[in-house]
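I opened this model to see how its parts are arranged and where they touch. My notes follow in the order in which I looked things up.

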Amino acid sequence: MIQVRLHRKYSGFALKVDLHLPGRGVTALYGHSGSGKTTCLRCIAGLERAEDGFIQVNDEVWQDSRIGLFVPPHKRALGYVFQEASLFPHLSVRANLEFGLKRIPRSARRVDMDQATQLLGIGHLLERNPEHLSGGERQRIGIARALLTSPKLLLMDEPLAALDSQRKGEILPYLERLHDELDIPLLYVSHAQDEVARLADHIVLLSDGTALASGPIGETLARLDLPLARGDDAGVVIHGTVSAYDAAYQLLTLQLPDSALHMRVAHAPLALGRALRVKVQARDVSLSLQAQEHSSILNRLPVTVTEEIPADNNAHVLVRLDAGGTPLLARITRYSRDQLQLHTGQALWAQIKAVAVLA
Amino acid sequence: MPLSSADFSAIWLTVKLASLTTVILLLIGTPIALWLSRTRSWWRGPIGAIVALPLVLPPTVIGFYLLLTMGPNGYVGQFTQWLGLGTLTFSFAGLVIGSVIYSMPFVVQPLQNAFAAIGTRPLEVAATLRANPWDTFFTVTLPLARPGFITAAILGFAHTVGEFGVVLMIGGNIPDKTRVVSVQIYDHVEAMEYAQAHWLAGAMVVFAFVVLLALYSSRKTRMGWS
């Protein structure tokens, strides 16, 4: 359990949050620039001091302004990854990695050099000078360097924002491995919904220094009352379970949580029973009154309409659907809505192209 | 031999004075520069201006006030006399104090620029990697500011070697105690010993050129932060 209560004011801006976050998994602090997400992260790290604050990470209290407690950042068991890797230019890659490691007593080390370098695929870079590395390599070293302090909480401030999309794609799988293989809670600041959808288990939506929402990713992304649903890349995250694999067509069948419904996605083979998260974008979901058998669209799910709101432009509407307990979002034209005579409680078929599912 | 033993003792005295001054300046200039580069205090402006004063004041002005304060009736002079040390005027120790003040901006400013160029990010990184502030100073700030320290040391040394007015005001012209090279040249010229003056003055020109050459060539030194 991570508890963060912060009140910080400076000219023209105030951050005021009271968050109770899960003590494991990935929590995204999501919001536009200027929403206070980085300030929030810096206060948690102690790099900035909230005038009024209480920060507790599992069993350790890092700040309690009521009793005047403020643990300085170097005494907090945290790892921090900055937007720019910020490697020390006067040290080799190995010395950068060892900088934090050698300041941790042996008995407290839970991540060793081999594990960190293997996890981030940087074993071949150790003797290099940070100057001669690509942005993606530098950031992986920055992450490994933070991991080597065996943190009880890992903080990442838009670690991919300074990278181009190719480099991003290069790092995301490593971040997913951290999530899967290490039991260190991660607070991840981002303004990119695709990253959040891929990594986060829990999301905090920040706007103008306050938290508009804080909840599990699946439910929260599907909430129509939040600005999240109105974005162009809005969609839902579904935690499916692998139930079959069609080797001939390289299609994975996923069972939706707590239901008999299935979806098929193009994916490399995975063991049966494994969990896989997929993102279904609202604009990739179409609605139909009948199950259309003769179509290239592989996924047809029986759904009921739970809610409908106007979208950010006048020609579209956003529809929230329930697929056997799993929420889905569909962005359709207002014209189609009228043609289908859409209304709450209506039973429909949602069609999702397997190609459009992000896995 | 073109140089007399008096010339050599003046050279030796100058080197001693400049070396000692540089070491003292690096020790006291570092915290001042660090403070000036980091603080948001109201005092930043006034303190920065005081440190920079010797850049614009005629050395005779600095020397005049030092003479008054370190003399028998000045505050410092009365204090040193109370300690049983006599007065600092016309002594080597007095010259060191004068030189430290006179060369202060040439050491503090390169250091201040170097610390400012490092910024706060490396220090934050070090803190999140469990380095306490002293640890960070020695393992991050000092190595990253190395080019600044080299520049500061060279400028502080060279500027002290080139000192004349302050020395004359507070040190006078005492062989082996306060008669540095610049004063020795003045003496030679006063005595119409132009050949002697030429050798010493020429040596100073070569010294200054070599120092500045080293300085400008080392400017290629990387100060970047990746």
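**Notebook: domains, chain contact, a helix pair**

I began with chain A. Its domain assignment gives domain 1 (2-221) and domain 2 (235-356); such bounds come from an automatic or database domain assignment.

I noted the ground rules next. This is a predicted model, in which local features need pLDDT of at least 70, side-chain atom pairs count only at pLDDT 80 or more, and totals for chains, interfaces and linings use all residues. Residues are numbered from 1 along each chain as its sequence is written, while chains are lettered from A and ligands numbered from 1 in the order in which they are written.

I looked up the spacing of the two domains. The C-alpha centres of domain 1 and domain 2 of chain A are 33 Å apart. I then checked their contact. 5 residues of domain 1 of chain A are in contact with 7 residues of domain 2 of chain A (contact: C-beta atoms, placed from the backbone, within 7 Å). Helix 7 (residues 217-221) of chain A gives the most to the domain 1 side, with 4 residues. Helices here are DSSP runs of H or I, at least four residues, numbered from the N terminus. By class, I found 3 nonpolar, 1 polar and 1 charged residues on that domain 1 side. Nonpolar covers Ala, Val, Leu, Ile, Met, Phe, Trp, Tyr, Cys and Pro; charged covers Asp, Glu, Lys and Arg; the others, Gly among them, are polar.

I moved to where the chains meet. 16 residues of chain B are in contact with 21 residues of chain A. On the chain B side, helix 6 (121-128) and helix 7 (133-144) each supply at least two residues. Helix 6 of chain B gives the most, with 6 residues. I listed the chain B side by class: 9 nonpolar, 4 polar and 3 charged residues.

Last, I took a helix pair in chain B. The axes of helix 10 (residues 181-190) and helix 11 (residues 194-218) of chain B come within 8 Å and cross at roughly 150°. Axes are lines fitted to C-alpha atoms over the stretch in contact, and angles run from 0 to 180 degrees between N-to-C directions. The crossing angle therefore makes helix 10 of chain B roughly antiparallel to helix 11 of chain B (over 145 degrees). I wrote down the residues that meet: Val181(B), Gln184(B), Ile185(B), His188(B) and Val189(B) in helix 10 face Gln196(B), Ala197(B), Leu200(B), Ala201(B) and Met204(B) in helix 11. By class, this helix contact has 7 nonpolar, 3 polar and no charged residues.

Key. Contact = placed C-beta atoms within 7 Å. Parallel < 35°, antiparallel > 145°, perpendicular 65-115°, else oblique.
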